[in-house]
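Here's a quick look at the pockets and the chain contacts in this one. Have the structure open as you read.

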Amino acid sequence: MGRDITFGQYYPGDSFIHRMDPRAKILLSILYIVTVFLCVSFYSYLAVFLFLAILILVARVPLRSVLKSVKAILFLVMLTAAINILFYREGSPLLQFWVIRITDEGLIFSAKMALRLLFLVIGTTLVTLTTTPMNLTDGMESLMSPLKVVKFPVHDVAIIMSIALRFIPSLMEEIDKIIMAQKARGAAFDSGGLIARAKALLPILIPLFVSAFRRADELALALDARCYNATPNRTKMKELKFGYRDLVASVACLLFMGVIILLRFYPGV
Amino acid sequence: MKKVIELRNVSYDYKSSADERTTGVKNISLTVNKGEFVVLLGHNGSGKSTLAKLLNAFLIPDQGDVIINGINTKEEKRVFEIRSKVGMVFQNPDNQMVASIIEDDIAFGAENLGVERQELIRRVDWALQVVNMHAHKKRTPFKLSGGQKQRIAIAAILAMLPEILILDESTAMLDPKGREEVLDVVRKLNSEQGMTVILITHYMEEAVDADKVFIMNEGEIVASGSPREVFDNEKAVYEAKLELPVACKISHMLKKDGFDIPSCLTVDELVEGICRL
Ligand SMILES: Nc1ncnc2c1ncn2[C@@H]1O[C@H](COP(=O)(O)OP(=O)(O)OP(=O)(O)O)[C@@H](O)[C@H]1O
Ligand SMILES: [Mg+2]
């Protein structure tokens, strides 16, 4: 049995990081992103690496699932690195022919760039590995709640996200069914050229849209039947609580940021 | 006895365009008392869903009045009061869930009503216990059977503490086992909690132990009364294009052939009747 797709990347657990408030995780990951952009020398990149290693150990998530998301962007990382290496202008050339000029500074710059991308992805992956999408949605809703003042429909947006999450598995199931039904009618999805394949998608997409709209119709009724929008003073069963873990994590992240800032003044490449 | 639902000469037409109208329901009058188990039968397009939607103010009658617990559905300001009292469960359980975790889904309706947190938690636990799904509280609904999903949908309505539960063909998509599970829960709610139930279906078998049965055809109620009264009205049943339960059919045939047998609703009754011959 495959993993429940509802949970996305979530790796079930009850580690320190799993049990943090999703709002703290969202805010601290923003802080982390800023910190990574403050890195200059390789020493600071080493510091980020150590920090991430500690986080992975604390979160008790398998390295395999972290590397999976790295794999997903590996191509992007290599592409940007290649472009940087080939077209970076500053520094003394190591190799030169035609328009291409590979310099020492170019190599260093692209290595840092690649590391930065990798670290950003690993850091944010740690959030999605340790938080369920529903929890993240709740966290975002709570963080966005000040926007209510300017009449931004925070709660509606949260419901939309929650319903979208809720219907992803249903639609996936639906796609499977439609594909099987069309195959039974003799449709071929995995042969022919690009255009033939794109055309073959049409008999999947049309029934999918029809059924999605039918679902939406019924869902709208079900929302009304459950008194959606009955009162502006909607309550919530699940409460988010800022706990000692969030405090500890915040201090740790701020210290980490301090280290990176200090390292800016330390000489080195 | 307390009247919870009263319809007086209610008609409703769907207006698809300026000059095109489809009859939804025509001139319907009926009353339902508190704690009654009412079954509404009719073939496709006979107006059952339209009638159900009139009961919780999804639709407002063109003519006549719908009165729920003394409130006329025309009172716009009290729509949510009516909807929280008239819970509606639909056909496809998959399209009624809004959250990915069962307890969140159950809480949704009560959250919308602004129920305070401790009470919310209590209601969610209670509703899940009533439908026998408490063990699944923290799980996702996707791997559940149809009957289980539909019980979750019922619990989601129960958490709003409705007085009337309408099930609009909520058993139509289920296998016989799932259907029985759902009907058991509904019967239990009716007998133990005194919940007024309106079960919409086209399986006549589901009507045998109802307090009141209504048969609809072309937007009108063509037969009403106790199950026995309605099932004996063969003409109305056939005109409404419905099938009598097998036991009932056999007993009617035997009677026509001159045997002295009462009309039977269930197989047990039929067996007993035949043994007495
Ligand atoms: N939204 C709508 N717009 C126009 N006509 C409608 C609409 N909904 C229902 N009708 C029409 O109203 C009539 C009664 O429909 P209704 O849905 O109440 O029947 P039903 O008994 O619930 O049928 P089913 O068993 O198929 O659910 C039908 O002729 C139907 O075509
Ligand atoms: Mg219907």
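## The largest pocket

H3(B) gives the biggest share of the lining of the largest pocket, six residues. This is a predicted model, so keep that in mind throughout. Helices H5 (133-144) and H6 (154-184) of chain A also supply at least two residues each to that lining.

The space in there comes to about 740 Å³. In total 39 residues line the largest pocket, and those nearest its centre are Met134(A), Asn135(A), Asp138(A), Lys238(A) and Asp104(B). Two of these names, Lys238(A) and Asp104(B), also pair up in a salt bridge through their side chains, at 2.7 Å from N to O.

## Where the chains meet

On the chain B side, 39 residues are in contact with 35 residues of chain A. The area buried between the two chains is about 3,400 Å², with 57% of that from carbon and sulfur atoms. Asn95(B), Asn112(B) and Phe142(B) supply 20% of what chain B buries against chain A, more than any other three residues.

Five salt bridges cross this interface, along with 17 residue pairs in polar contact. H3(B) shows up here too: with nine residues, H3(B) gives the most to the side of chain B that touches chain A. That side holds 20 nonpolar, nine polar and ten charged residues.

## The second largest pocket

This one has a volume of about 440 Å³. Its lining counts 22 residues, with Glu141(A), Lys148(A), His155(A), Pro232(A) and Arg234(A) nearest the centre. H5 and H6 of chain A are the elements giving two or more residues to the lining. By class, the lining splits into nine charged, seven polar and six nonpolar residues.

Conventions
Residues numbered from 1 in each chain as written. Chains lettered and ligands numbered in written order. Predicted model: local features only at pLDDT ≥ 70, side-chain atom pairs only at ≥ 80, totals over all residues. Heavy atoms only, no water. Contact = heavy atoms within 4.5 Å. Buried area = accessible area lost by both parts, 1.4 Å probe. Salt bridge = Lys/Arg side-chain N within 4 Å of Asp/Glu carboxyl O. Polar contact = N/O pair within 3.5 Å; in protein donor to acceptor, adjacent residues only side chain to side chain. Helix = DSSP H or I, 4+ residues; strand = E, 2+ residues; numbered from the N terminus. Nonpolar A, V, L, I, M, F, W, Y, C, P; charged D, E, K, R; others polar. 1 Å grid on protein atoms, 1.4 Å probe; cavity = no way out; pocket = protein on both sides within 12 Å on 5 of 7 lines; lining within 4 Å. Points joined across faces, edges and corners; volume = space filled by probe spheres on them.
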